[in-house]
Amino acid sequence: MLCFTIQHTNAQSFLPLNEDKYRADAEMLLKSTSSDSIQAIQYFYLADYYRFRDTVKFWENMRQGERLAKPFRSLHAMGALYKSFYYGQFLDSKRAGIEAQKCVDILADAKQPFQQGLLARAWYNLGLIRFPKKVLLIYWIYSMVNVCPMPRHTIRSWKVR
């Protein structure tokens, strides 16, 4: 029998269960901060919020986030990852794969937890794109163990019985 013990992680894309509060909080942070990096992140979060709701608002927020993210390598990767999610949603696997690979390439030597989290999501998304049915679980576990050191403590806590 296989038994997994996994620590709590954010797994629902980047959106919490209370999405309306999430949107309102992101909009409030945009108005209350002058930091370009924080604003870029909030624009990307809003783009993810609007991804399933309003394509025009998705692209408006993506463009704003990309404009503010110019000096930040990690945020360029974040923008590419969100574009990958968007293209994947519309079954454009070629564009989705290009954007996910761009994120992986930018963050290949990720050291910070934020970067490692983005890299893990990019690898997972690449797995979904490249291996939609075959070997997805094995590909995901391989990428978590060998590419992203951050979740190793979680993987080590899995118990096989």
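Modeller: Let's begin with the contacts of the protein chain: of those between residues at least 6 apart in sequence, 59% join residues at least 24 apart. Keep in mind that this is a predicted model. The mean pLDDT of the protein chain is 78, with 71% of its residues at 70 or more. Residues 1-12 have a pLDDT below 50, and this stretch has 21 contacts in the model beyond near neighbours in sequence. Residues 151-161 also stay under 50 in pLDDT, and for them the model has 26 contacts beyond four places in sequence. I would read those contacts with the confidence values beside them.

As for the overall layout, the protein chain has eight helices and two strands. Read from the N terminus, the order of the elements is β-α-α-α-α-α-α-α-α-β. The protein chain has 161 residues, and buried ones make up 42% of them.

Now to the helix pair. Two packed helices are described by the angle between their axes and the distance between those axes. Here the pair is helix H2, residues 36-50, and helix H4, residues 73-89, with axes that come within 10 Å and cross at roughly 5°. Angles under 35 degrees count as roughly parallel, so H2 is roughly parallel to H4. On the H2 side, the residues that meet H4 are Ser37, Ala40, Ile41, Phe44, Tyr45 and Asp48. Their partners in H4 are Leu75, Met78, Gly79, Tyr82 and Phe85. By type, the residues of this contact divide into eight nonpolar, two polar and one charged.

What about the rings? The whole structure holds ten aromatic pairs. One of them joins phenylalanine 58 and tryptophan 59, whose ring centres are 5.0 Å apart; the planes stand at 85°, so this pair is edge-to-face. Both partners fall under the 20% cut-off for buried residues: phenylalanine 58 has a relative accessible area of 0%, and tryptophan 59 has 18%. Another pair is formed by tyrosine 86 and phenylalanine 90, with centres 5.0 Å apart and planes at 65°, so that pair is edge-to-face too. Here tyrosine 86 is buried, at 8% relative accessible area, whereas phenylalanine 90 is partly exposed, at 45%. Ring pairs link Phe58, Trp59, Tyr86, Tyr87 and Phe90 into a cluster.

Let's follow the chain on from there. Leucine 91 lies in the loop between H4 and H5. Its phi is near 60°, a positive value in a residue other than glycine. Leucine 91 is also exposed, with a relative accessible area of 75%.

One last stop brings us back to H4. Glutamine 112 sits in the loop between helix H5 (93-106) and helix H6 (113-130), and glutamine 112 is partly exposed, with a relative accessible area of 48%. Although 38 residues separate glutamine 112 from serine 74 in sequence, the two are 9.7 Å apart in space, C-alpha to C-alpha.

Terms used. Residues numbered from 1 in each chain as written. Predicted model: local features only at pLDDT ≥ 70, side-chain atom pairs only at ≥ 80, totals over all residues. Heavy atoms only, no water. Axes fitted to C-alpha atoms, helices over the stretch in contact; angles between N-to-C directions. Helix = DSSP H or I, 4+ residues; strand = E, 2+ residues; numbered from the N terminus. Parallel < 35°, antiparallel > 145°, perpendicular 65-115°, else oblique. Contact = heavy atoms within 4.5 Å. Nonpolar A, V, L, I, M, F, W, Y, C, P; charged D, E, K, R; others polar. pLDDT = per-residue confidence, 0-100. Phe/Tyr/Trp six-rings, centres within 6.5 Å; stacked < 30°, edge-to-face > 60°. Buried < 20%, exposed > 50% of the residue type's maximum accessible area, 1.4 Å probe, protein only.
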